[in-house]
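Notebook open, model loaded. I want to work from the whole chain down to single residues.

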Amino acid sequence: MKSNLISKSETSSLLKTISERWGMEFPKIKNLKVHQISDEAQIITGNGMKILKVNDDYLPFLSETKMLERFPNVTVDMGAVKFMCKGANVMRPGIKTFTDFEKDKLVCIVEESQHKFLAVGKALVSSTELESMEKGEVIKNLHYISDKFWETGKTIYD
């Protein structure tokens with residue numbers, strides 16, 4: 001795995017892109033490191049944050065609890081947990097509670113007993129549509145505990 005620091009201009013444009021997509025501000029960070037995991041995936045680290053980039057999507061890394069708490073979330077029942085950890089999408093029947101979110105935005109998936117973050121996904125419907133649904137896919141699972149990024153991410157430190 002190759003790791004390298006990126007320039008100040010690359011760093012600021014990367015942070016600008018991510019804050020626009022996520023709708024949140026980031027503190028100025030000087031030294032961002034990019035760890036190339038595969039052709040389509042990178043883990044970006046710096047100043048105590050970890051971001052996963054897969055193809056063109058930027059995702060908060062699942063170990064970054066403080067950052068994950070800033071995103072909308074859905075809580076799934078315990079029956080959904082084993083499927084989530086194998087990469088399954090979130091289906092309506094497994095959802096217990098949820099906060100407001102828009103279609104195509106990032107949503108965190110939390111399990112109901114320990115309230116731990118299981119996955120990060122992209123909403124396929126908005127939370128208002130979700131209220132009237134009884135079945136169907138709600139969130140596309142993009143990064144989950146025990147996926148290849150999770151395993152690699154455990155070996156990367158700032």
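What percentage of the 158 residues of the protein count as buried? I get 47%, with buried meaning under 20% relative accessible area, exposed over 50% and partly exposed in between (1.4 Å probe, protein chains only).

Ground rules before I go on. This is a predicted model, so I note that local features need pLDDT of at least 70 and side-chain atom pairs count only at pLDDT 80 or more, while totals for chains, interfaces and linings use all residues. Residues are numbered from 1 along each chain as its sequence is written, and side-chain values use heavy atoms, with hydrogens and water left out.

**Entry 1, overall.** I looked up the secondary structure and found five helices and 11 strands; these are DSSP runs numbered from the N terminus, helices being H or I with at least four residues and strands E with at least two. The radius of gyration is 16 Å, close to the 15 Å from the globule rule for 158 residues, so the protein is as compact as a globular protein of that length. For the record, that radius is taken over C-alpha atoms, and the rule is 2.2 Å times the number of residues to the power 0.38. The C-alpha trace spans about 50 × 30 × 25 Å along its principal axes. Contacts here mean heavy atoms within 4.5 Å. Among those between residues at least 6 apart in sequence, 55% join residues at least 24 apart.

**Entry 2, the sheet.** I traced an open sheet of five strands in the order E1-E2-E3-E4-E5, paired antiparallel; two strands pair if DSSP finds at least two bridges between them. E1 (2-5) and E5 (57-60) stand at the edges with a single partner strand each, so one side of each has no neighbour in the sheet. From one strand to the next the twist averages 25 degrees. Helix H1 (residues 8-22) packs on the sheet, touching E3 (41-46), E4 and E5, and its direction makes about 75 degrees with that of E5. For such angles, axes are lines fitted to C-alpha atoms, for helices over the stretch in contact, and the range is 0 to 180 degrees between N-to-C directions.

Is E3 enclosed or open? Six of its six residues are buried, so E3 is largely enclosed by the rest of the structure. Ala41, Ile43 and Thr45 point one way, and Gln42, Ile44 and Gly46 the other. On one pairing, E2 (residues 33-36) meets E3 over four antiparallel bridges, and His35 has Ile43 as its bridge partner. That pair is a hairpin with four residues between the strands. E3 also joins E4 through six antiparallel bridges, with Ile43 opposite Leu52. The E3-E4 hairpin has two residues between its strands, and Asn47 in the turn has a positive phi of about 50 degrees. Further along, four bridges join E4 (residues 49-54) to E5, where Pro60 is the bridge partner of Ile51.

Cys108 is buried at 1% relative accessible area, whereas Cys85 is partly exposed at 23%.
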